[in-house]
Amino acid sequence: MDYNTAKTLLERYFEGTSTLTEEAELRSYFQQENLPADMQAYRPLFQFFKIAGEQKVSNAFSERLASIESTAPAKIVRFRRPATRWAAIAAMIALALAAWILAPDASEANTQTAIDWSQYEPENEEEAIRITTAALQKTSSSLRRGMRIATNELQGVKKLVQPW
Amino acid sequence: MKQFFLLSLLCLGTMSLFGQANAIDEYFKDYVEDEKFSVVYISPRLFQMFEKIGGEKLDLDDDEAAAFMDLATDLRGLRILSTDVTPEKFFNEAKAKINTKTYETLITIRERNGGNTEFLLREDDKGNLQELLFLSYGEAEFTMMSFVGPLNLDKIIKLANEMDNDN
């Protein structure tokens with residue numbers, strides 16, 4: 001390759017329009033011993049790739065790398081959504097437990113036989129009326145008493161607050 | 001998941017619905033079976049008969065009888081438990097057994113010479129009165145009465161006032 005061709009290819013190289021074969025030609029051109037003075041400046045650029053390509057890692061390093069690769073196979077860690085599922089199960093268990101704890105009152109009442117109230121009924125209507133009357137009288141008189149006490153107390157308080 | 005929640009809520013709801021017809025069935029089964037207690041139950045059937053019989057057989061004057069009948073026909077059941085054995089002990093025990101979340105205290109009267117009377121109310125979700133529970137003890141006796149039905153406090157007070165007018 002003559003000087004002029006090299007110059008053209010170099011220009012194309014810097015413009016970024018050179019092909020791979022042209023770049024290979026350039027690299028071989030810069031390997032020659034005697035270069036024109038203006039071309040000397042570019043020599044390290046093309047020699048660097050050659051040197052870099054020839055560099056090799058030490059045997060010890062590549063052995064270590066190989067041993068790491070063979071002994072520790074890649075572990076695939078996948079992020080699922082396990083939290084929601086377990087939370088759901090936990091919630092179900094908690095609910096079932098809560099229902100079980102709250103239920104005994106009801107189940108106890110169900111297992112026991114209900115009170116047979118009919119045996120406690122009065123024998124005739126007159127008796128029933130008498131009892132109901134007495135019960136209501138007692139209730140209403142207590143209620144009346146309670147209200148009367150409350151009214152008296154309120155009036156007492158009123159006197160305390162408004163003495164006139 | 002949502003369905004499960006709804007279902008469990010439904011289950012809990014029905015449980016509490018079945019739970020309580022009246023305080024005595026719920027808390028005082030032991031007392032009903034206890035020989036020391038005398039037990040009386042007036043069924044809704046008997047209350048219906050009152051209507052037929054009318055107020056004539058009652059030892060009350062007209063206004064009282066009217067107020068009484070007005071109240072009695074609302075009743076769906078009256079249960080009375082009473083004992084003359086250790087009245088104070090039973091009263092305190094009974095008070096402790098009653099769930100204060102369900103039963104609201106209306107009036108408490110504590111006598112100076114010992115003795116206590118208490119009115120408790122149970123209402124449904126809409127605030128309608130479902131049950132009036134009367135607890136009382138004195139030196140002689142402990143009495144517990146449960147009035148069940150769509151009660152109206154005004155009617156009870158009306159009856160009380162009618163009887164107050166006479167005395």
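**View 1. Chain B, with 46% of its 167 residues buried.** Here buried means under 20% relative accessible area, exposed is over 50% and partly exposed lies in between, using a 1.4 Å probe and protein chains only. This is a predicted model, where local features need pLDDT of at least 70, side-chain atom pairs count only at pLDDT 80 or more, and totals for chains, interfaces and linings use all residues. Residues are numbered from 1 along each chain as its sequence is written, chains are lettered from A and ligands numbered from 1 in written order, and side-chain values use heavy atoms, with hydrogens and water left out.

**View 2. The run of elements in chain B.** You'll find seven helices and six strands here. Starting at the N terminus, they go α-α-α-β-α-α-β-α-β-β-β-β-α. Helices (H or I, at least four residues) and strands (E, at least two) are DSSP runs, numbered from the N terminus.

**View 3. Glu118(B) sits in strand β4, residues 116-123 of chain B.** Glu118(B) counts as buried because its relative accessibility is 3%. Setting aside neighbours within four places in sequence, Glu118(B) touches a set of residues including Phe91(B), Ile107(B), Leu133(B), Phe134(B) and Leu135(B); contact means heavy atoms within 4.5 Å.

**View 4. Two polar partners of the Glu118(B) side chain: Lys95(B) and Thr108(B).** The polar contact with the Lys95(B) side chain spans 2.4 Å, and the one with the Thr108(B) side chain spans 3.4 Å. A polar contact is a pair of N or O atoms within 3.5 Å; within protein, one must be able to donate a hydrogen and the other to accept it, and residues adjacent in sequence count only if both atoms are side-chain atoms.
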